[in-house]
Structures are given as structure tokens and as C-alpha cells.
Amino acid sequence: LTLGREVREAISRDCIVPFYQPKVCLSTGRIIGVEALARWRHPTKGILTPDTFGAAFDDPELATAIGKRLIGKISSDMRRWLDAGINPGRVGVNLSCAEFGQPDLAEDILRILALVKVPTDHFEIEVTEKVLLEGRSDSVSATLEKFQRHGVQIALDDFGTGYASLAHLKRFPVHHIKIDRTFVFDLEQDAGDEAIVAAVIGLGRSLNIQVTAEGVETEGQAQRLRELGCNNAQGYLFAKPMAVSELSSYFSNNI
Ligand code: G
Ligand code: G
Ligand code: MN
Ligand code: NA
């Protein structure tokens with residue numbers, strides 16, 4: 001596989017890096033956390049998004065290699081922010097089905113966090129319902145519970161696009177629901193989307209689960225979300241995913 005060889009080389013040259021997209025409080029606009037999103041600093045093609053290499057996240061060996069390297073970088077970035085007196089809140093880290101296939105996933109990640117001495121409550125694992133459905137559910141829940149016991153929270157990503165199963169919210173420790181951007185896009189025009197968004201916000205409120213709307217691009221969408229009682233949002237309206245270097249000026253204006 002050419003992609004495999006190229007990705008392995010990119011990892012060894014330290015070219016796969018985290019970008020960070022702020023998550024903000026809809027009432028104050030202040031940053032409440034960031035999501036780490038993998039980027040490939042390609043020597044000739046520039047910054048590549050997972051559009052071009054995301055297939056690697058489906059391969060157990062490559063996904064695990066990328067994931068470990070990214071968590072190392074993310075935790076040392078967090079260490080540096082905290083040391084500089086900046087508190088960016090929780091950083092969300094995406095983990096794929098392939099990564100959940102690794103029996104030592106939680107131990108490996110927790111060990112990396114302990115190494116840089118970052119408090120675990122600065123971390124959140126983002127999983128889609130696909131992870132909950134496709135993994136052996138006993139081992140997935142054991143892994144998630146291990147994270148939870150050590151203070152790492154769990155976010156259910158792309159919520160609404162899969163099964164949006166209430167059983168998942170009961171069976172797995174879920175602290176945070178991220179409403180998929182496909183429901184936010186047409187929120188002001190489509191009564192069905194609005195009803196779904198309102199229902200998820202209500203669900204979060206009754207179950208005491210934090211809710212974040214993804215893909216917020218316009219002030220109109222943000223306003224509608226505020227009216228529906230949504231507390232948190234993420235999207236180009238507030239900030240795009242940024243390199244660490246760009247993030248520092250964002251921090252100085254938004255913390
Ligand atoms: O910016 P965006 O194009 O970053 O991300 C595209 C997709 O790739 C998203 O669905 C996101 O969850 C996934 N993705 C981004 N970074 C990572 C990562 O570090 N690990 C995994 N497993 N998936 C990621
Ligand atoms: O992990 P997840 O699938 O949630 O990844 C988020 C994806 O959404 C990433 O690819 C990220 O670059 C992208 N994204 C972030 N904000 C916006 C936005 O406002 N609009 C759109 N269309 N995509 C966004
Ligand atoms: Mn995500
Ligand atoms: Na998502």
C-alpha cells in the first residue's frame with residue numbers, strides 16, 4: 001500500500017501534527033476547549049487534511065502509530081499552554097474503530113499523559129457511534145470506563161448521523177454529545193433539523209450531558225442555537241482548525 005508507506009515515513013519524520021479548532025461558549029464567545037485534528041505537513045503539497053490520508057485511521061497499525069504520536073504532541077502542547085498560564089479547557093482527541101481494536105489503548109494513552117504530567121481532566125476522547133457499534137462492546141466499554149476512571153471524558157461525535165441510540169448513552173460513559181454539522185447547516189430553514197437539534201439539546205439537559213453544535217458557520221445559526229438553549233459550539237464562524245503557532249494569538253484574544 002503506497003499510502004501506508006508514505007504515512008509511515010511521514011510519522012517517522014514527524015510530519016503528522018495536530019491542528020486545533022476552538023470550541024466556544026455560545027453566550028460569551030469564550031473558548032471552552034479545543035478539538036485536535038490531524039494534519040500532514042507534506043514537504044511538497046503543503047498542509048493535507050484527512051481527506052487525503054484519513055484511510056490510515058482505518059488501519060490498526062497505522063492508526064495506532066499516528067494516534068500515539070499525536071497524543072504525545074497534544075499533551076506536550078497542553079503542558080506548554082498550562083505552563084504559560086493559558087487554560088484552553090479540554091482538548092478533544094478523535095479515536096477510530098481501528099484504534100479501539102488495540103487492547104492497551106487506554107493504558108498507552110494514559111501513560112503518555114502521565115509522562116508529561118498533564119492533568120487527565122484536560123482530555124476528552126471523541127468517538128462516533130460506529131466505535132460503540134462495531135467494537136466488541138464489552139472491550140469498548142471497558143476502555144471507555146478506564147478513561148472515565150482516570151478523569152478523561154468521553155464525547156460522542158457526529159451525533160445523529162448514526163443510530164443516535166439512547167441505549168448508547170446509558171451503556172457507555174458519555175459526558176459530551178457533539179451534534180453533527182449536517183443538522184446545523186440548514187437549522188434556520190429546515191424544521192426537521194431544528195426539531196432534531198432541539199431534541200438533542202433537551203436530551204443533554206435531562207441526562208446532564210454537555211452538548212456542542214458542530215459546523216457553525218453563520219451568526220444566524222449561532223443565534224438559533226442560543227435560542228434553543230445550546231451552550232457550546234464549534235465552527236468556522238468562531239475559528240478554523242489552526243496550527244499551534246496560530247493558536248497563541250487566538251488565545252491572547254479569547255481567554
Ligand atoms: O478537519 P477534518 O478534515 O479534520 O477531519 C476529517 C475527519 O478526520 C474527521 O471526521 C475527524 O474525526 C477525522 N480525524 C481527524 N483527526 C483525527 C485523528 O487524530 N484521529 C482519528 N482517528 N481521526 C481523526
Ligand atoms: O471529528 P469530526 O468529524 O467532527 O471532525 C470535524 C470536521 O469538521 C473536520 O473535518 C473539521 O475541519 C470540519 N469543520 C470544522 N468546522 C467546520 C465548519 O464550520 N464547517 C464545515 N463544513 N466543516 C467544519
Ligand atoms: Mn470530532
Ligand atoms: Na463530528
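Proline 88 sits in the loop between helix 3 and strand 4 (90-94); helices here are DSSP runs of H or I with at least four residues, strands are runs of E with at least two, and both are numbered from the N terminus. This is a predicted model, where local features need pLDDT of at least 70, side-chain atom pairs count only at pLDDT 80 or more, and totals for chains, interfaces and linings use all residues. Residues are numbered from 1 along each chain as its sequence is written, while chains are lettered from A and ligands numbered from 1 in the order in which they are written.

Is proline 88 buried or exposed? Proline 88 is buried, as 22 other C-beta atoms lie within 10 Å. With C-beta atoms placed from the backbone, buried takes 20 or more others within 10 Å, exposed means 12 or fewer, and partly exposed is what lies in between. Skipping neighbours within four places in sequence, proline 88 is in contact with Ile31, Gly33, Val34, Trp81 and Phe251 (contact: C-beta atoms, placed from the backbone, within 7 Å). Proline 22 is 66 residues away from proline 88 in sequence, yet their C-alpha atoms are 8.5 Å apart.

## The nonpolar core

The largest nonpolar core has 65 residues, and Val93, Ile125, Ile154, Ile179 and Ala233 have the most contacts inside it. Such a core is a set of buried Ala, Val, Leu, Ile, Met, Phe, Trp, Tyr and Cys residues joined through C-beta atoms within 7 Å. Helix 3 (residues 60-83) gives this core its largest share, eight residues.

Take isoleucine 125: leaving out residues up to four places away in sequence, it touches Val93, Leu95, Phe147, Val152, Ile154 and Ala155.

Helix 7 (residues 137-149) has 13 residues and reaches 18 Å from first C-alpha to last, close to the 18 Å expected at 1.5 Å a residue (that is, 1.5 Å times one less than the number of residues). Its buried residues are Val140, Thr143, Leu144 and Phe147. Seen down the axis of helix 7, these fall within an arc of 95°, so they line one face; the arc is that of the directions from the helix axis to the C-beta atoms. The face turned away carries the exposed Asp138, Ala142 and Arg149. Cover for the buried residues of helix 7 includes helix 5 (105-115), strand 5 (123-128) and strand 6 (153-159).

In helix 11 (residues 219-227), the buried residues are Gln221, Ala222, Arg224 and Leu225. They cover an arc of only 165° around the axis, which puts them on the same side of helix 11. Glu219 and Glu227 are exposed on the face turned away from that side. Just after helix 11, glycine 229 takes a positive phi of about 90°.

## Positive phi in two loops

Most residues other than glycine have a negative phi. Aspartate 14, in the loop between helix 1 (2-12) and strand 1 (16-25), has a positive phi near 65°. Aspartate 14 counts as exposed, with 10 C-beta neighbours inside 10 Å.

Asparagine 208 has a positive phi of about 60°, and its loop runs between helix 10 (191-207) and strand 8 (210-213). Asparagine 208 is exposed too, with 7 other C-beta atoms within 10 Å.

## Around the ligands

The residues around ligand 1 include Leu37, Phe57, Asn94 and Pro241, where near means a C-beta atom, placed from the backbone, within 6 Å. This shell divides into seven nonpolar, four polar and no charged residues. Ala, Val, Leu, Ile, Met, Phe, Trp, Tyr, Cys and Pro count as nonpolar, Asp, Glu, Lys and Arg as charged, and the others, Gly among them, as polar.

Ligand 2 has 14 residues around it, with Asn94, Gly215, Glu217, Gly235 and Tyr236 coming nearest. Its shell has four nonpolar, four polar and six charged residues.

Note on methods:
Two residues are in contact if their C-beta atoms, placed from the backbone, lie within 7 Å.
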